Amino acid sequence: LQQQQQEPPQSFDLILAAETCYTVQTAHETAQLIGELLSSSSSNNCSMALVATKRYYFGVGGGTKEFVQAMTQQQHEHGEFQVETVHVVDNGHQNIREILKVTR
């Protein structure tokens with residue numbers, strides 16, 4: 001049998017995700033995908049991922065904190081990432097929602 005060469009995964013300058021960090025596992029899976037697919041060689045160095053998530057998902061344990069921790073773990077395998085909160089929605093009546101920006 002011939003051994004097939006695997007092509008490297010395609011990379012992207014912009015990744016959008018929403019409601020993907022609702023459990024600890026899905027927060028880690030989202031971070032892993034971003035780590036693997038976010039371009040590190042953009043010609044204008046503006047590649048980013050925007051992740052819209054709730055600060056905490058009651059009863060299932062995911063949220064902003066778990067996603068940030070998972071991105072920190074991705075640095076060992078995929079290089080350094082910066083994660084910053086770029087927008088917060090807090091109307092005082094519902095769960096707080098955040099938009100996080102991930103860059104290399």
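Strands S1 and S2 (residues 48-54) pair in the parallel sense over 5 bridges. Strands here are DSSP runs of E with at least two residues, and helices are runs of H or I with at least four, numbered from the N terminus. Pairing requires at least two DSSP bridges between two strands. Leu16 has Leu50 in S2 as its bridge partner. The model is predicted: local features need pLDDT of at least 70, side-chain atom pairs count only at pLDDT 80 or more, and totals for chains, interfaces and linings use all residues. Residues are numbered from 1 along each chain as its sequence is written, and side-chain values use heavy atoms, without hydrogens and water.

The open sheet holds 4 strands in the order S1-S2-S4-S3, with mixed pairing. S1 (14-18) and S3 (82-89) are at the edges; each has a single partner strand, so one side of each lacks a neighbour in the sheet. Neighbouring strands are turned by 15° against each other on average, direction ignored. Axes are lines fitted to C-alpha atoms, for helices over the stretch in contact, and angles run from 0 to 180 degrees between N-to-C directions. Helix H2 (residues 64-78) packs on the sheet and touches S2, S3 and S4 (97-103). Its direction makes about 10° with that of S4.

Val68 lies in helix H2. Val68 is partly exposed, because its relative accessibility is 31% (buried is under 20%, exposed over 50%, partly exposed in between; 1.4 Å probe, protein chains only). Beyond neighbours within four places in sequence, Val68 contacts Val83 and Leu100 (contact: heavy atoms within 4.5 Å). The C-alpha atoms of Val68 and Val102 are 9.4 Å apart.
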